[in-house]
Amino acid sequence: MNELFRPILKAKIVPVIKLTDIDQVTGLGNALTKAGLPIAEITLRSPVALECIKAMKDEFPQMLIGAGTVTTTDQADAAIEAGAVFIVTPGFNPTVVDHCISKGYPIIPGVTSPSLVEWALERGLTRLKFFPAEASGGANYLKNLAPVYPEASFMPTGGVNKNNIKEYLALPNVYACGGSWIVKTALLEAHDFAEVERLTREVLDSIGGNS
Ligand code: 3PG
């Protein structure tokens, strides 16, 4: 898990990406590679997500590809089968989390409360997702969790954007931020991959990611 996290810790961002057509894969992979962000959390909130994960893995084997919005054990199996190397869940569903652990799938579960943090820690999971971050109390909430759970660290996602990302990343218990604002579906659908690359680079530069 630590090895897997290295690129995420270095980049400090994980783009949550909704691909709506297989024809977006090549342009997206090239844009992220050129921008220096070889990471993609491909959300399963699209009927072509699994197909896209497979195509992305085949075409860009150097990229760290995860599956997001995984809410069932079947989805977790299908995502790993398609080539995802990590699973991100919006909530903490013990059935899904325990299935991933038993199968050896790296998982970043979503949490929003001390109880859920404890469920994660009890299972040996320390790198968590804080979702929905802004609606759940934002950076101030995480600041309050830090002294109680020093071993837990978080990837805030949900309402994170270029205006508040630095506040999150300044916290010692935040290892990265996620979000759909980094790679916008509308740009993928317009095949404006130059803009995807430009915006990704801009975000990385603004936070000192990958430096
Ligand atoms: C997710 O899937 O993790 C969230 O929906 C992303 O939230 P955002 O769209 O506010 O970035």
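Student: Why is Thr69 called buried?
Tutor: Keep in mind that this is a predicted model. Buried means under 20% relative accessible area. Thr69 has 19% relative accessibility, so Thr69 counts as buried.

Student: Where does Thr69 sit, and what is said about its phi?
Tutor: Thr69 is in the loop between strand E3 (64–68) and H4. Its phi is near 55°, which is a positive value in a residue other than glycine.

Student: What is the phi of His191, and is His191 buried or partly exposed?
Tutor: Phi of His191 is near 55°, again a positive value in a residue other than glycine. His191 has a relative accessible area of 38%, so it is partly exposed. You'll find His191 in the loop between helix H9 (185–189) and H10.

Student: How do you know which class Gln24 belongs to?
Tutor: Use the cut-off of under 20% for buried. Gln24 comes out at 2% relative accessibility, so Gln24 counts as buried. Its place is the loop between strand E1 (13–17) and helix H2 (25–35). Apart from neighbours within four places in sequence, Gln24 is in contact with Leu19, Leu188, Glu189, His191 and Phe193.

Student: What makes Ala135 exposed?
Tutor: Exposed means over 50%. Ala135 has a relative accessible area of 70%, so it is exposed. Ala135 belongs to the loop between E7 and H7.

Student: Which peptide bond is cis?
Tutor: The one joining Phe131 and Pro132, with omega at about -5°. Pro132 is in the loop between strand E7 (127–130) and helix H7 (138–145).

Student: Why do the buried residues of H5 line one face of the helix?
Tutor: The buried residues there are Val96, Val97, His99 and Cys100. Looking down the axis of H5, they fall within an arc of 160°, so they line one face of the helix. The face turned away from that buried side carries the exposed residues Thr95 and Ser102.

Student: What covers the buried residues of H5?
Tutor: The cover includes H4, strand E4 (86–88) and strand E5 (107–108).

Student: How do H4 and H5 pass each other?
Tutor: The axes of helix H4 (residues 73–82) and helix H5 (residues 94–103) come within 9 Å and cross at roughly 35°. H4 passes H5 in a right-handed crossing. From H4, the contact is made by Thr73, Ala76 and Asp77; H5 brings Thr95, Val96, His99, Cys100 and Lys103. Sorted by type, the contact residues are 3 nonpolar, 3 polar and 2 charged.

Student: Which residues have the most contacts inside the largest nonpolar core?
Tutor: Those are Ile8, Leu28, Ile87, Val117 and Phe154, in a core of 78 residues. Helix H10 (residues 193–207) gives the largest share of this core, 6 residues. In soluble globular proteins, nonpolar side chains tend to be buried together.

Student: What does Phe154 touch?
Tutor: Not counting residues up to four places away in sequence, Phe154 touches Val111, Val117, Leu128, Phe130, Leu142, Leu145, Asn173, Val174, Tyr175 and Ala176. Val117, like Phe154, is among those with the most contacts inside the core.

Terms used
Residues numbered from 1 in each chain as written. Predicted model: local features only at pLDDT ≥ 70, side-chain atom pairs only at ≥ 80, totals over all residues. Heavy atoms only, no water. Axes fitted to C-alpha atoms, helices over the stretch in contact; angles between N-to-C directions. Helix = DSSP H or I, 4+ residues; strand = E, 2+ residues; numbered from the N terminus. Left-handed = near helix turned anticlockwise from the far one by under 90°. Contact = heavy atoms within 4.5 Å. Nonpolar A, V, L, I, M, F, W, Y, C, P; charged D, E, K, R; others polar. Core = buried A, V, L, I, M, F, W, Y, C linked by side-chain atoms within 4.5 Å. Buried < 20%, exposed > 50% of the residue type's maximum accessible area, 1.4 Å probe, protein only. Arc of directions from axis to C-beta.
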